[in-house]
Amino acid sequence: MRSSSEGADHGAPPTELNRYSASSGQLPDPARLLSIVEKALDDAKAENVVTIDLKGKTSIGDHMIVASGRSQRHVGAVADQLVKVLKQEGFGRARVEGMPQCDWVLIDTGDIVIHIFRPEVREFYNLEKMWSADRPIERLAV
């Protein structure tokens, strides 16, 4: 039977959490992750990239990024390239949905949720409008 540290060394994908060292005190840096994602999307020629700050709006993550690809093939290629970059940079536990159809691919890194759409699908769902709106002031029960 292997210990948990042996399991991390054999076959487990490298992640920022695996790299965490109690002696160094280094935790995954959300700002670094955001920078990596935005650069990877730019390198993959994603179009109309919008970053939405989710802090204080929801607990699903710190940021949401919405981007477009020109076609199903381009959406799939952008998503593939982003997932490869995330793995190379040590953020290998991203969950991916929508790859078979490539109309809308969702990549969830934990801190950042990335949506890559075909333009028609992006226009239909209009996530930017939904998530960019300011949160209404909540009423206090007296």
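This is a predicted model: local features need pLDDT of at least 70, side-chain atom pairs count only at pLDDT 80 or more; totals for chains, interfaces and linings use all residues.

Colleague: How many helices and strands does the protein chain have?

Modeller: The protein chain has six helices and five strands. Helices (H or I, at least four residues) and strands (E, at least two) are DSSP runs, numbered from the N terminus. Along the sequence the pattern is α-α-α-β-β-α-β-β-β-α-α.

Colleague: What makes strand β2 mostly covered?

Modeller: Buried means under 20% relative accessible area, exposed over 50%, and partly exposed in between (1.4 Å probe, protein chains only). In β2, residues 63-68, six of six residues are buried. H63, I65 and A67 lie on one side, and M64, V66 and S68 on the other.

Colleague: Which strands does β2 join?

Modeller: Two strands pair if DSSP finds at least two bridges between them. Five bridges join β1 (residues 47-53) to β2, running antiparallel. Six bridges join β2 to β5 (residues 112-117), running parallel. I52 stands opposite M64, and H63 stands opposite I112.

Colleague: How do you know that the span of helix α4 is close to the expected one?

Modeller: The expected span is 1.5 Å times one less than the number of residues. Helix α4 (residues 72-88) has 17 residues, and 24 Å is expected. From first C-alpha to last, α4 reaches 24 Å. Its buried residues include H74, V75 and L86.

Colleague: Why is the pair of W104 and F117 called tilted?

Modeller: A search of the whole structure finds three aromatic pairs. The centres of the W104 and F117 rings are 4.8 Å apart and the planes stand at 35 degrees, so the pair is tilted. Rings of Phe, Tyr and Trp (its six-membered ring) pair if their centres lie within 6.5 Å; planes under 30 degrees apart count as stacked, over 60 as edge-to-face and the rest as tilted.

Colleague: Is F117 buried or exposed?

Modeller: F117 has 1% relative accessibility, so F117 counts as buried. W104, at 27%, is partly exposed.

Colleague: What about the rings of W104 and Y125?

Modeller: Their centres are 4.7 Å apart and their planes at 50 degrees, so this pair is tilted. W104 is in strand β4 and Y125 in helix α5 (residues 119-125), 21 residues apart.

Definitions and conventions
Residues are numbered from 1 along each chain as its sequence is written. Side-chain values use heavy atoms; hydrogens and water are left out.
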